[in-house]
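Welcome! Please take a look at the structure below, and then we can walk through some of its features together.

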Amino acid sequence: MKKRTILAVDDEIHILELLKYNLEANGYYVKTVETGEQALEILKNEKIDAVLLDLMLPQIDGLEVLRQIRTTEKIKKMPVIMLTAKGDEFDRVLGLEMGADDYISKPFSIRELQARVKALLRRVEEDKKEEPQEDKKVISTHGLVIGLETRSVSKNGVPIEMSLKEFELLKLLAENPGRVYSRDVLLEKIWSYEYIGETRTVDVHIRHIRKKIEEDDSNPMFIKTVRGFGYKFRED
């Protein structure tokens, strides 16, 4: 199996050494840098499979690095896991709002980090599989068309770009119209591991999806909120 290259970005040398040692022991190549400028330079010029990005960096902080990743065509789909010592909910949600694929707070368990990296790269690999010319599995409802094989979404004929996890979340709900999923179940199914107290992750992704597919995301047609529990997709 092809070895994947991880870029670790942190201004704490001991954190970089910890990440490099443990991830390389699990079969990854690891590049390490201490600044956001160095990270962006590598991402634009080298083949990287995923980024572990610290929030608190000198000069250009992690959120600005993430913003530049998501607005640069060549690397905008790069998988990014945010690393930070901050445990405040605002920072977690802000990182997710700006397009982070995952978030883990310091101090973190190396085994948990390895599991998250593995799960994220597995989903990316599945997404890169050759797509058929014609999508024979399609969900179509009220102008929304979801191509299950081509991982495509359109609304009234206009293509909609979605992140990997946004698509997986929409796909799961749309394939099971009317079925109510709790936030905890959605976390387990889409992120492949359990979060503790991190159910806002689901809410953030649902909000992103609604902004893309709903005419009025304050009164959604497709993804319904089941108050105090979770979400379900409309039943035609």
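**A pocket and some packed helices**

The 40 residues that line the largest pocket divide into 16 nonpolar, six polar and 18 charged. Keep in mind that this is a predicted model.

**The largest pocket**

- Rolling a probe the size of a water molecule over the atoms shows where empty space is left.
- In this model, the largest pocket holds about 1,100 Å³ of space.
- Several helices and strands each supply at least two residues of the lining: helix 4 (89-97), helix 5 (110-127), strand 8 (152-155), strand 9 (158-160), helix 6 (164-175) and helix 8 (200-213).
- Which helix gives the most to the lining of the largest pocket? That is helix 6, with four residues.

**Helix 6 and its partners**

- Two packed helices are described by the angle between their axes and the distance between the axes.
- Helix 6 packs with helix 8 at an angle of about 85 degrees, and their axes are 10 Å apart.
- Angles of 65 to 115 degrees count as roughly perpendicular, so helix 6 and helix 8 are roughly perpendicular to each other.
- On the helix 6 side, this contact is made by Lys-165, Glu-166, Leu-169, Leu-170 and Leu-173, while helix 8 brings Val-202, His-205, Ile-206, His-208, Ile-209, Lys-212 and Ile-213.
- Sorted by class, the residues in the contact of helix 6 with helix 8 are seven nonpolar, two polar and three charged.
- Helix 6 also has helix 7 (residues 183-191) as a partner: their axes come within 10 Å and cross at roughly 120 degrees.
- Helix 6 and helix 7 are therefore oblique to each other, and their crossing is right-handed.
- Here Lys-165, Glu-168, Leu-169, Leu-172 and Leu-173 of helix 6 meet Leu-186, Lys-189, Ile-190 and Trp-191 of helix 7.
- The contact of helix 6 with helix 7 has six nonpolar, no polar and three charged residues.

**Helix 2 with helix 3**

- The axes of helix 2 (residues 36-45) and helix 3 (residues 62-70) come within 10 Å, crossing at roughly 20 degrees.
- Angles under 35 degrees count as roughly parallel, so helix 2 and helix 3 are roughly parallel to each other.
- The crossing of helix 2 and helix 3 is right-handed.
- From helix 2, Gly-36, Leu-40, Leu-43 and Lys-44 meet Val-65, Gln-68 and Ile-69 from helix 3.
- Those residues of the contact of helix 2 with helix 3 split into four nonpolar, two polar and one charged.

**Two backbone spots to look up**

- Most residues other than glycine have a negative phi, and most peptide bonds are trans.
- His-142 is not a glycine, yet has a positive phi of about 50 degrees.
- You can find His-142 in the loop between strand 6 (138-141) and strand 7 (144-147).

Key: Residues are numbered from 1 along each chain as its sequence is written. This is a predicted model: local features need pLDDT of at least 70, side-chain atom pairs count only at pLDDT 80 or more; totals for chains, interfaces and linings use all residues. Side-chain values use heavy atoms; hydrogens and water are left out. On a 1 Å grid over the protein atoms alone, a cavity is a set of points where a 1.4 Å probe fits but cannot get out, and a pocket is an open set with protein on both sides within 12 Å along at least five of seven lines; lining residues have an atom within 4 Å of a point. Grid points are joined across faces, edges and corners, and a volume is the space filled by probe spheres set on the points. Ala, Val, Leu, Ile, Met, Phe, Trp, Tyr, Cys and Pro count as nonpolar, Asp, Glu, Lys and Arg as charged, and the others, Gly among them, as polar. Axes are lines fitted to C-alpha atoms, for helices over the stretch in contact, and angles run from 0 to 180 degrees between N-to-C directions. Angles under 35 degrees count as roughly parallel, over 145 as roughly antiparallel, 65 to 115 as roughly perpendicular and the rest as oblique. A crossing is left-handed if the near helix is turned anticlockwise from the far one by less than a right angle, and right-handed if clockwise. Contact means heavy atoms within 4.5 Å.
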